[in-house]
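Student: I would like to learn how to read a core and its charged pairs. Can we work through one case?

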Amino acid sequence: MASQLFVDLYGCDEQLLNNEEEMRSIARQVVSEIGAEIVDECVHTFEPIGITYFAVITTSHFSIHTWPEYGYAAVDVFSCGESVADRISDRLKELFKAADIRVGRCERVIGKVPERLEV
């Protein structure tokens, strides 16, 4: 099985969200805490503000997208590892110094066709 965790972080510090080195540091901490390693990473800083960070990790991928002007960051963690627990969302809240978070999760079924869900 694989899990994808979606974390929306609100009320973050604008300067933190526009600091490329801070985004790299946060990513490295979280990836390590889920028991994975970074294989490759790419960071783009937008003008005038905002950052997109993406890492290929040994268990899939990790990304951060920031909107400093709104104090908002979106983090996705997709991993086939067992350690992508909801606890990581609390860690992200701490690292981003967020006032509030919203968390979503998607379980991916690997190796068989899942039952069809009607939307």
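**Core and salt bridges**

Student: Which residues does I26 touch, leaving aside its neighbours within four places in sequence?
Tutor: Contact means heavy atoms within 4.5 Å. With those neighbours set aside, I26 is in contact with L16, I64, L92, L95 and F96.

Student: What should I know about the model before going on?
Tutor: This is a predicted model, where local features need pLDDT of at least 70 and side-chain atom pairs count only at pLDDT 80 or more, while totals for chains, interfaces and linings use all residues. Residues are numbered from 1 along each chain as its sequence is written, and side-chain values use heavy atoms, with hydrogens and water left out.

Student: How do I read a nonpolar core?
Tutor: In soluble globular proteins, nonpolar side chains tend to be buried together. A nonpolar core is a set of buried Ala, Val, Leu, Ile, Met, Phe, Trp, Tyr and Cys residues joined through side-chain atoms within 4.5 Å. Buried means under 20% relative accessible area, exposed over 50%, partly exposed in between (1.4 Å probe, protein chains only). Here the largest nonpolar core has 29 residues. Those touching the most other members are L9, I26, F62, I64, V75, L92 and F96.

Student: Which elements give two or more residues to this core?
Tutor: They are β1 (2-10), α1 (14-17), α2 (20-33), β3 (51-57), β4 (60-67), β5 (72-79) and α3 (87-96). Helices (H or I, at least four residues) and strands (E, at least two) are DSSP runs, numbered from the N terminus. The largest share, five residues, comes from α2.

Student: Now the charges. How many salt bridges does the structure hold?
Tutor: Side chains of opposite charge can pair when their charged atoms come close. A salt bridge is a side-chain nitrogen of Lys or Arg within 4 Å of a carboxyl oxygen of Asp or Glu. The structure holds seven.

Student: Is R24 buried or exposed?
Tutor: R24 counts as buried, at 18% relative accessibility. E20 is partly exposed at 27%, and E41 is partly exposed at 24%.

Student: Which residues are linked in a network of salt bridges?
Tutor: E20, E21, R24, R28 and E41.
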